[in-house]
Every structure is written in C-alpha cells, then in structure tokens.
Amino acid sequence: MGFRLPGKRALVTGASRGIGRAIAVSLADAGVNVAINFFRHRGPAEEVARDIEARGTRALLLRGNVADEEHVERMFEEIKEQWGGLEILVSNAASGVLKPVSHLTLHHFHWTMDINAAALLPLVQRFILLPSEGQKCAVAVSSLGATRAIPNYAAVGASKAALESLVRHLAAELGPCGVRVNAVSAGTVDTDALKHFPNRDELLGEALKRTPAGRLVTPDDVANAVLFLCTDMAAMIQGHTLVVDGGYSILA
Ligand SMILES: NC(=O)c1ccc[n+]([C@@H]2O[C@H](COP(=O)([O-])OP(=O)(O)OC[C@H]3O[C@@H](n4cnc5c(N)ncnc54)[C@H](OP(=O)(O)O)[C@@H]3O)[C@@H](O)[C@H]2O)c1
C-alpha cells in the first residue's frame, strides 16, 4: 500500500495465524519490528518470525495468554528488555465459545469476555508505560457481531461490543497523552477460526452472496486497514471503529 513506518516497534497479539499473521507481515513490510504473540502453537509463530526477518526487520516471539495479567506483564517486560519501547499495539488475539444462547453458561461467557474484551485493558495499561519515539497507536480487531445478531455468536458478539466500547473510552482518556486507540471491524474472513463454527459453509456462502464488493474479506484487507490507522495519515482518527466488510453491513 506504500505506507512506511521504518524503525517503529509493534506488538501484535495472536500473530501466529490468520488475520494476526497478515497484520504482522504487513507491518514488517512497512519497516516495523514486530513482536509476535501466540499462546498454544509455537511452530506457526516461528514461521511468522522468519517471514518478518526475511523482510529485514526484527521479530520477537512472545508466548502468553492475553487473558492472564501475569503473562501480559511478562511479555511487556521482555519487550522493554529487548527493544526498550513500543509505538504500536495491535490487540488481535481472540477465542470464544460458539453456542446458541440456550447452551451458554456464565463460565463460557466470562471466558470469552476475558480473552476478547478485558485483555485490552492490561495490554493498553502496559503499552502506555513503555517509552516510545513519537505518538503511540493501538488498534483492536473486532467483528460485525458487535452490532449484529449472528447464530451461535452471542458470547463473542457481546465481547466485541464491549471491546469497541472500551476502545472509545481508552481513546477519550488517552488521547491527550498522545495515544490513539481505534478498532477495525472485519466481515467474515476464511481463517482457522471459522473451522469452529458449526455453520461454517453457510456463513461463507451467505457472506459471499451478500457482499456488494463481490468477494470475501481477506486477512490482507484487514491488515491494510490496521496499517493505515497506524500511520500519520490517520492522525485525527480517534476512538473509531473502521468497518472492513466490502459493504456487507450496509445492506438491510
Ligand atoms: N475470521 C473471521 O471471520 C473474523 C471476522 C471478524 C473479526 N475477526 C477477528 O480477527 C481476529 C483474528 O481472528 P482469526 O480468524 O485470524 O483467528 P485465528 O485464525 O483463530 O487465530 C487466532 C490467533 O489468536 C491466538 N490466540 C488465541 N487465544 C489466545 C490467547 N488467549 N492469548 C494469546 N493468543 C491467543 C492464536 O494463537 P495460538 O494458536 O498459538 O493459540 C492465533 O494466533 C480476532 O480478533 C477475531 O475475532 C475474525
């Protein structure tokens, strides 16, 4: 896309696969050093690190559960020790229980909220304590389920609604300190995450049929929007949720 952010330092959570991986690689293409957070699968994260280093920027592998405050603390200590500071945070990692509301327990609900929404709080709290060269920018990855009712998506949808609200509150409070906080809300993207949907084929078929752009959203489409929000071109975009769905959500 031609955006350059040479020498900046970024942490991307859940960067070992899917959308997170595309974000990490696109930041590296723009000259950014990228810390790759993963939790369960080290192999794919190591592959991303190799992709990043092949682009001439630095990679740092950080294993940790974003829903565990001690893990988050440890990841930021490691970044401070290795790199000294951080300019970009992309909160992308997500998980969640996909069930009809009649089968959802409070345990499922809290577990999903902790990973997808609450984790942003300790991440941003540690992020703003690290030194940076110039302004800081945080981007959270959300989904259309924040504002729409989707079968089996109640817990994840509610977590994304909370995430987008938290983004606005963080933006209002941290804006005066030179921190921008925004979200990118993606339409359906065919990643590993969709394998857990009991109605995966129906979801993909419906998304393709209804999307005015005539194709599905790709991980790179989401990564391009995140990269844009990290640049000075987006200097006055604050507390916003940028929808990347090829027009899917404008239809009645
Ligand atoms: N796919 C879609 O249709 C879609 C649409 C809209 C928005 N999104 C959003 O886009 C983001 C990425 O989705 P995706 O489809 O690329 O997901 P994905 O393919 O399932 O990848 C999830 C990533 O998150 C990591 N992760 C999971 N739980 C974690 C935890 N507790 N702590 C740290 N890392 C964790 C995984 O690492 P390990 O494998 O090592 O655990 C993996 O790198 C999510 O926020 C998702 O809600 C996705």
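## Shell around the ligand

Helix 1 supplies the largest share of the shell around the ligand, namely three residues, in a model that is predicted. Helices here are DSSP runs of H or I with at least four residues, and strands are runs of E with at least two, numbered from the N terminus. Of the 29 residues around the ligand, those that come nearest are G14, G18, A94, S143 and A193, a residue being near if its C-beta atom, placed from the backbone, lies within 6 Å. Two or more residues are given to this shell by helix 1, strand 2 (33–38) and strand 5 (136–143).

By residue class, the shell divides into 13 nonpolar, 13 polar and three charged residues, where Ala, Val, Leu, Ile, Met, Phe, Trp, Tyr, Cys and Pro count as nonpolar, Asp, Glu, Lys and Arg as charged, and the others, Gly among them, as polar.

## Contact of helix 1 with helix 2

In the contact between the two helices, R21, A24, V25 and A28 of helix 1 meet V48, D51 and I52 of helix 2, with contact taken as C-beta atoms, placed from the backbone, within 7 Å. The residues of this contact divide into five nonpolar, no polar and two charged.

## Overall fold

The chain has eight helices and seven strands, and its C-alpha atoms fill a box of roughly 45 × 40 × 40 Å along the principal axes.

## Basis of the model

Residues are numbered from 1 along each chain as its sequence is written. In this predicted model, local features need pLDDT of at least 70 and side-chain atom pairs count only at pLDDT 80 or more, whereas totals for chains, interfaces and linings use all residues.
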